[in-house]
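Colleague: I am new to this structure. Could we go through some of its side-chain contacts?

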Amino acid sequence: MKITVIEMDYIKNEYQVIIDRKDEKAKGSYTAYLFEQGIDKILKKVGEECTETVIAAKNNNKEETVYEISDLIYHVLVMMAYQGITPEDIETELEKRAAKRSNLKKFHVVDKNS
């Protein structure tokens, strides 16, 4: 499955806004605040948004799940920017994985009786 240009353009545009806010250090910018606080704060937010996404999905609330997924994507993009990971890096990895379709990994079976 090839990622469409529109899908990646949105991610790349959002990523660029995040980079711009990081570089501008704009007063009152939540994104700038996250960068000022550092990786621990950013990772805390990624964890919180991940948990909130899981809860919304578990509650079968589509509107809330979409909202939380959007928050999660934003915070993951902030984390990526902080660590110098670009959307192109992710796109390359996803394309590698798409090339491995139908390559089901064998899972280790644990003997629960031992």
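Colleague: Is Glu91 buried or exposed?

Modeller: This is a predicted model, and the answer rests on computed accessibility. A residue counts as buried under 20% relative accessible area. Glu91 has a relative accessible area of 16%, so Glu91 is buried.

Colleague: With which residue does Glu91 form a salt bridge?

Modeller: The partner lies in helix H1, whereas Glu91 is in helix H5, 79 residues apart in the chain. The closest N and O atoms of the pair are 3.5 Å apart. The partner of Glu91 is Lys12.

Colleague: What separates Glu93 and Arg97 along helix H5?

Modeller: These two residues form a salt bridge, with the closest N and O atoms 3.0 Å apart. Glu93 is partly exposed at 32% relative accessibility, whereas Arg97 is exposed at 55%. They are four residues apart in helix H5, so the separation is about one helical turn.

Colleague: How are the planes of Phe35 and Tyr82 arranged, stacked or edge-to-face?

Modeller: Phe35 is in helix H2 and Tyr82 in helix H4, 47 residues apart. Their ring centres are 6.1 Å apart, with 15 degrees between the planes. Planes under 30 degrees apart count as stacked, so this aromatic pair is stacked.

Conventions: Residues are numbered from 1 along each chain as its sequence is written. This is a predicted model: local features need pLDDT of at least 70, side-chain atom pairs count only at pLDDT 80 or more; totals for chains, interfaces and linings use all residues. Side-chain values use heavy atoms; hydrogens and water are left out. Rings of Phe, Tyr and Trp (its six-membered ring) pair if their centres lie within 6.5 Å; planes under 30 degrees apart count as stacked, over 60 as edge-to-face and the rest as tilted. Helices (H or I, at least four residues) and strands (E, at least two) are DSSP runs, numbered from the N terminus. A salt bridge is a side-chain nitrogen of Lys or Arg within 4 Å of a carboxyl oxygen of Asp or Glu. Buried means under 20% relative accessible area, exposed over 50%, partly exposed in between (1.4 Å probe, protein chains only).
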